[in-house]
Each structure stands twice: as C-alpha cells, then as structure tokens.
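Good morning, and thank you for coming. I shall walk you through one structure, part by part, and state each criterion when it is needed.

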Amino acid sequence: MSIEVLGVTKSFGSFTALRDVSLTVADGELVALLGPSGSGKTSLLRIIAGLERADRGSVLFHGTDVGPRDPRERRIGFVFQHYALFRRMTVFENVAFGMRVKPRGERPSEEEVRRRVGDLLKLVQLDWLGDRLPGELSGGQRQRVALARALAVEPRVLLLDEPFGSLDARVRQELRRWLRRLHDEIRLTSLFVTHDQEEALEVADRIVLLNQGRVVQDGPPEELFERPTSPFVLDFLGNVNIFHGRVENGRALLGPLSVAYPDHPHAEPAPAAGYARSYEIDLSREAGDTGFWASLTRVGIAGALLRLELLPDGAAPLKVELTRERFEALRPVPGERLWVVPRNLRVFLETPVPPRAQ
Amino acid sequence: MKRPAVEPRILPGFGPALGFTLLWLSVVVLAPLAALVLSALRMPPAEIARIVAAPRVAASIRLTFGLALASAAVAALLGLLLAWVLVRHRLPGRRLLDALIDLPFALPTAVAGIALTTLYAPNGWLGRPLAALGVPVAFTPLGIGVALVFLGIPFAVRTLEPVLESLDPEVEDAATSLGATAGQTFRRVLFPELLPALATGFSLAFARGLGEYGSVVFISGNMPMRTEVAPLLIMTRLEQYDYAGATALAAVLLVASFLLLLAVNRLQAWGVGPAARG
C-alpha cells in the first residue's frame, strides 16, 4: 500500500508547522522523515495517521483520498515515541487490544486472538513476557510490545514516531537494526520520524529531510549524503566546518582558501561559504599549495575515531576527525601547529536563510 | 522485606517528624475517637443494639447511609464530568470556574443549606417548577441528597483533576489508532486509570456526607422517620441529655464508616499497585 501526501499545510495558531509538503512512500518502502525538532515531521506523521487534520492538502493511500476517513478506518499501525502502552493491561492484552475492540461481527475468536498475539510476540522476540505489565519491562522491550500491538490490527502502513527516541544509545542501535531486518521480512510500507541523521542513514530506503515545515531534500541515503543540495542538508547530515568568503571570476575565495568555482564566472563578487566535513580534512606538518596553518588545541577519543580541535589564526575553531591509523602516523601534540587541507570543499552561494547554527 | 523498627537514616529529622506525627494523630484524631469508643464500650452491647434498633434511630441510620452513598456516587460521576471538562477543554473563564469548584469547601454549611432550601422550597425558583412536575425537593430525602452532592462534588473534582492531567494523550491516540471507538477507549483504557482517584473522591464525599449536619438541617425539614439524619438525631439526643443514646448512635456510625472507608482503600491499593511502576 503506497502513501501519497499532496500539498499538506498545517498551522497551530500563528505557527506554521507544515508548508505545502508533498511526498510519496512506495509500496513496501521504509522511509525516514528526518529533520530538526520543530520541523513539522511529527505533525505530518499524525496527519497521515488521521490523528490530526491538515488545513490544506490531502493524503492518499493506494491512490484513494483518506482525508475524511476516521483514523479507525485507515488501518494504520502507529508506534509512539513514549510507547503509549496501556499500563494496566498485560503485554498480552496490550497486543490483543486492537482485535478485542473490533465490531462484534469482525472480532476474531478467543483462540484466534491467542494464536495471533503469540505469533506477534514471537516476531518481536518477547513471547515469554506475555503476562507481564508494561511497567515491568525495559524501554526496548516496551517499544517492541508497542510495535507488536500496532501490527496486530494488520495495518496497511506502519507509522513510527521517533520510535527509538527515548532509548539509550546502545539499545537504540540494536533496535534499529532489528527494525530494518523486520522490515525486510514483512515488507510493510513504513514511514518513521527521526531527528537522528545516523538512524535515518542506516535504516531507511529513502530519506525525506524537512526543515521549517518544508521538504528540503528527498532521496536515497547515499544521495543525500554525497550530493546535498543545500548547506542545510550538508550540515544536518554530518559535522561540517564552514569557511565564509565570496566567489568571483570563477574562483571561490574563502579566508585562507582559494578553489575553483566555475559556476560563477562573473567579476562581481557574491557571498559564499565552503563546507568541509570533519573527516574530509587532512593534516600534515609541511605546508602545501593550498591550505593554512592552525594550532591543535584538543584531542578527544571517540571510539575508532579521534576528534581534534584546531584553531586557525584569526578564524573560528575547526573540527577534524582522524582514524586511529592516521592519528598514529602523524602523532600530533596539543599546541603544535599543523597544515590544514580540506580534501573535499563544497561551495554554496550564501542563501538568505542561513544554515542551522551548530 | 523486614526492616528494623528504627533504621539509621540519611535524611535528618526522622525522630522529630515521627514524634510530631504521632502526637498530632493522638491528640487531634485518636483521643476523641478513643473517648467515644471507650464510652460506648462501657455500655452493654445489648443496650447499644436496643437503642440502635429503635425505629426512629434505625430509620435515621438507614437514611444517612443510603443518602451518603447515593450522593457520593452522584458526586463522583458529576465530578468526573466537571474535571474532564476543566482539564480537556480550554473553556473561556476556566480559571474562574476552577475557583468556583472550591466554593462549597469554603462556604459555611449553614449558608449553603439556607441557600439551597430557598432555591428548592415549594415557592423557590427551582422548587416551584419542580413541585409542579410532581418532584418536591426541599423537605424530602431528595433535598438532602442535593445538599450532599453539592458538598461532595469538589472532593471528586479535586482528586480526579491531577490524575486526568497526568494521563498521556498519546495513550488515547494509541487506542484510536488501534480502532477503538471513543466509548471503548474510555471504558477499557481511561476508566481503569481513573478508578483509584474516583474511589478516593467517592470515599471523601461519602465521609463528608455521612457527618454533614449544617446544610442538611435546613433543607431536610427534619421529620422523624422520614428526613431526620443521624447527625441531627445525635444532636437531639444530646440536647435531651441522653448521652447513652448519642454515644451508641455515634459509635455505630463510626464503626460502619470506618469499615466502608477501609474497603474503598483496599480497592484503591489494588488499583494503584500494578501501575505505580509504569
């Protein structure tokens, strides 16, 4: 079942949460709605679920407008950030809820309910916890119960609102890999909201990036990561260093750096900025053609990577990430002056909307 | 888990706090009650039974308990409705309404009684049309009920309000997304959450109604066998220097209400238990 969102706009009072948002989720696809907080991603998900009404625009399931339809008739599975489990019901009853509230004619028999709840709890690997109360489970287990409960109504689409948002980092990583495997198994059209770029990059087939209520870029993870169409996307998907400057005569002059910029051959200068991801920067002890000197102020260990902070003369501090091998080869010491060369500088003309402040 | 009676504490002031609590409980609560129980115990049980079984006394006990129970139930339901409206809807003048809820707490009960009597008397604003419909309110058990509901509602509202506020609206959304109707959501999801608070509101309203005197004496008409409540009968007995009669009646009221409140308490503990961890 595909989902189509056409020109949805939604305001809460004077705050516009969504401005003319359109997107599609193909049948069986797992799509991430990514964006900073306040970008409207949860509102959009709630509108698709029918828990919120759009001011304008429409939502289509499999080509049919579901606008006027009650959320109960949309046949969606919704997983909430804070699980929203029924705390006075056992895990079993939580999962069975969707079947038990069906109209009398469609309600499955007690054996059928038992069998299906058993199957679902097996699917989420919690079949041994059926008679516990939600309060007795860990966060990761609760979220899997919530997922089983959402799947119990045999939804046509699955909507997940920051499903791993309130879990700790380790459980989050485990659970998102598990969700990806589960999706590969059941192939249910799914849309999940997240503010964590890593999560979106790792799990999703496609990412829709939202900012201030608008779709900023929509594409497969590699495309967003490799070919960001705006500084915002670049900045949001990774740690970047910004070099402000201008472009003129086919070159970008960004502080100490000068690179070719054939898109602007005019003599008249335009404000621009160069962006270099923190792992796309080389450090050495000898000066080269292009680059600048900076002194090393801090070395931090981040697992396999080392995070370095450098202070160029008269400019903002730089963030650089080195693999352990490269760090060992160079062995820089805090206080030392190093030659900095951005390997892959992406230049964007400065837009009226400045990129997100880090 | 067994603990020693007094364990070394990190939090200071445990001793004074325990001492103060016990002192307060003893002087203000336990001493008068103990005096009542003691004087009742001095009477032979047969004597108590005889006094309580007298038709006028038995009628007043039945009336008091019946009305206190019924009006506490009505107050709990109306209180739930009011609390719901106050919490869930952003009404204009919500704060004013919220403050008005507490008024029955503050109003001298005699004032409330006179006001209600004036309103519901056969020639009052509400009493006249109601009497014309064949429903006299003042000077009937129904009138007492109205007064008790009026006094009981704030208890229900004030106990339910915080619970309603603490309920995560996502839980209702979850029920809706799973296909539950509004009724099913209320019955299966919300009501079990509200039950303990509802029970508290009910028992507070019940306890208040059981002992209520000031507002009832005006609206009830105090007709023996029909609209005479037990607290009034106790007063009457005292005025007649019939201390034995007053004591017996008071003791019966005390024991019965204690048992009832204990039962409600058990119900609450059972309801709160599993969710306290969630």
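**A presentation of the two chains**

I begin with Y241(B), which is exposed, with 9 other C-beta atoms within 10 Å. By the criterion used here, a residue is buried if 20 or more other C-beta atoms lie within 10 Å of its own, exposed if 12 or fewer, and partly exposed in between, with the C-beta atoms placed from the backbone. This is a predicted model, in which local features need pLDDT of at least 70 and side-chain atom pairs count only at pLDDT 80 or more, while totals for chains, interfaces and linings use all residues. Residues are numbered from 1 along each chain as its sequence is written, and chains are lettered from A and ligands numbered from 1 in the order in which they are written.

Y241(B) sits in the loop between α12 and α13 (243–272) of chain B. Its phi is near 60°, a positive value in a residue other than glycine. A second residue of this kind is N222(B), a non-glycine residue with a positive phi near 55°. N222(B) belongs to the loop between α11 (214–220) and α12 (230–239) of chain B. Is N222(B) buried, exposed or partly exposed? With 16 other C-beta atoms within 10 Å, N222(B) is partly exposed.

Let me now turn to chain B as a whole. Its secondary structure consists of 13 helices and zero strands. Here helices (H or I, at least four residues) and strands (E, at least two) are DSSP runs, numbered from the N terminus. Along the principal axes, the C-alpha atoms of chain B fill a box of roughly 65 × 65 × 30 Å. Of the 278 residues in chain B, 34% are buried. Among the contacts in chain B with a separation of 6 or more, 76% come from residues 24 or more positions apart. Two residues are in contact if their C-beta atoms, placed from the backbone, lie within 7 Å.

G79(B) counts as buried, because 28 C-beta neighbours lie inside 10 Å. Which residues does G79(B) contact, leaving aside its neighbours within four places in sequence? They are I153(B), A156(B), V157(B), L160(B) and G201(B). G201(B) is 122 residues away from G79(B) along the chain, yet their C-alpha atoms are separated by 8.4 Å.

Helix α3 (residues 55–88) of chain B also packs against helix α2 (residues 45–53) of chain B, at an angle of about 75° and with the axes 5 Å apart. The axes are lines fitted to C-alpha atoms, for helices over the stretch in contact, and angles run from 0 to 180 degrees between N-to-C directions. The angle therefore makes α2(B) roughly perpendicular to α3(B), a term that covers 65 to 115 degrees, whereas angles under 35 degrees count as roughly parallel, over 145 as roughly antiparallel and the rest as oblique. From α2(B), the contact involves I51(B), V52(B) and A53(B), and from α3(B), V57(B), A58(B) and I61(B). By class, this contact has six nonpolar, no polar and no charged residues. Ala, Val, Leu, Ile, Met, Phe, Trp, Tyr, Cys and Pro count as nonpolar, Asp, Glu, Lys and Arg as charged, and the others, Gly among them, as polar.

Next comes the interface between the chains. How many residues of chain A are in contact with chain B? There are 22 of them, in contact with 18 residues of chain B. On the side of chain A, the elements giving two or more residues are α2 (71–74), β6 (76–79) and α3 (91–100) of chain A. The residues on that side comprise 13 nonpolar, three polar and six charged.

Finally, I come to a sheet in chain A. Five strands form an open sheet in the order β13-β12-β11-β14-β20 (chain A), with antiparallel pairing. Two strands pair if DSSP finds at least two bridges between them. The edge strands, β13 (257–260) and β20 (346–349) of chain A, each pair on one side only. Four bridges join strand β12 (residues 251–254) of chain A to β13(A). Within this pair, L253(A) stands opposite S258(A), and R251(A) has A260(A) as its bridge partner. β12(A) and β13(A) form a hairpin with two residues between them, and G255(A) in the turn has a positive phi of about 55°.
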